[in-house]
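Me: Could you walk me through this structure, starting with the metal site and then moving on to the sheet?

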Amino acid sequence: MVQKIIIGVLAAALIAVCSIWGYSTWQKQQAAAPAPVAAPAAAAVVEPAKPVDAALPAETAPVAAEAAATEKADGTHFTYKYVSPRSPQLLSIYNMASEIDVLRNLPEVNQLDGWLTLPRPINFITAECGTINAFYARDKGDVVLCYEMLDMLVRQGAAIAQANGGSTRDQLKYLMANLRFLMLHETGHALVDMLDLPQTGREEDAVDQLATTLMLSFVSADESEGDIAQNLQLASNFFLLTDSGNHDMATYADEHSVGAQRFFNLQCMIYGHDPGKYLRIVTSGRLPEARALRCEDESKQITRNWMRLIEPNIAPKHRMTREEEQAKIDQIKQKQVENAPAPYVR
Ligand SMILES: [Zn+2]
């Protein structure tokens, strides 16, 4: 019954949003940088890319060059698939995922779809795994969301909403916020692998930072900055919920930081993104003042470094000058205002 309600609410709520990435800081560099070589189409990854002139007979080359100048290359598009589970108890969660097409309704992942030039597509898959997990399978380029994980998030969301006197809408918010963060984290692993991005710290921490950066940079007509921050808070709550506090040597030896550390790292990233706007994170006690002092520098450095790594891989079609980007952000922010509830309705 709960899942039926969720399907209904999700189907109504998950509307494709008009959105862009607001990376104005690195668009400056981008505007000054020389235009990149046209990217190979996803289907052509088996063959190394050749310069247009060398690949075509001499008489067709000028025509191709003209076309290339007007039609900029698109990026690599992802694939999405829902694999039927063997266990009957996971059928309802599989039905929910496939009916609402949950993978195509992750705004940041969908924004990345076709935005970057990758050596091969990332395949987003939901499947039965026999364990509660989500992971990146390097050999196939698959980002897998296990039905067991999806089921746990649905249950956690229901329990939290019930305990706080919340609604099905709150349950839905918890679920989608966590899915967005989780799938971006796994997408981060895929990008590190496929683009051979350098990492000198622990990759698990780095891709948490990438997920946070992408969520904080997302600009949508349907979500305010407050909504985005709230989504990140819901995602960070997951780390506290799943950290029992009873840490043994195996926990400390794990490649992941412990849940509480991941929680505070996220708080630091959000607060540091705009300390004035998110001061409440410190005053409410979610982030100790001693850590908060360095968060602005930390957050900005992390964002800048990730953007430096990703920027060269943006497909030519999606490159914008700083002015073009700002105009688009202004347009979306105007839509945010129009979409906001009427100010005098009580
Ligand atoms: Zn990971």
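The chat below takes the metal site and then the sheet.

Reply: This is a predicted model, in which local features need pLDDT of at least 70, side-chain atom pairs count only at pLDDT 80 or more, and totals for chains, interfaces and linings use all residues. Residues are numbered from 1 along each chain as its sequence is written, and side-chain values use heavy atoms, with hydrogens and water left out.

Me: Which protein donors does the zinc ion have?

Reply: His185 (NE2), His189 (NE2), Glu204 (OE) and Glu204 (OE) lie 2.0 to 2.7 Å from the zinc ion, where donors are N, O and S atoms within 2.8 Å of the metal (3.2 Å for Na, K and Ca), and sites may look incomplete because water is not among the atoms.

Me: And where do histidine 189 and glutamate 204 sit?

Reply: Histidine 189 is in helix α8 and glutamate 204 in helix α9 (residues 203-217), 15 residues apart, so that the pair links distant parts of the chain; helices (H or I, at least four residues) and strands (E, at least two) are DSSP runs numbered from the N terminus.

Me: Is glutamate 204 buried or exposed?

Reply: Glutamate 204 is buried, with a relative accessible area of 9%, buried being under 20%, exposed over 50% and partly exposed in between (1.4 Å probe, protein chains only).

Me: Switching to the sheet, in what order do the four strands come?

Reply: The order is β2-β3-β5-β4 in an open sheet with mixed pairing, and β2 (79-82) and β4 (134-137) are the edge strands, each pairing on one side only. Two strands pair if DSSP finds at least two bridges between them.

Me: How many bridges join β4 to β5?

Reply: Four bridges join β4 to the antiparallel strand β5 (residues 142-146), and alanine 134 has leucine 145 in β5 as its bridge partner.
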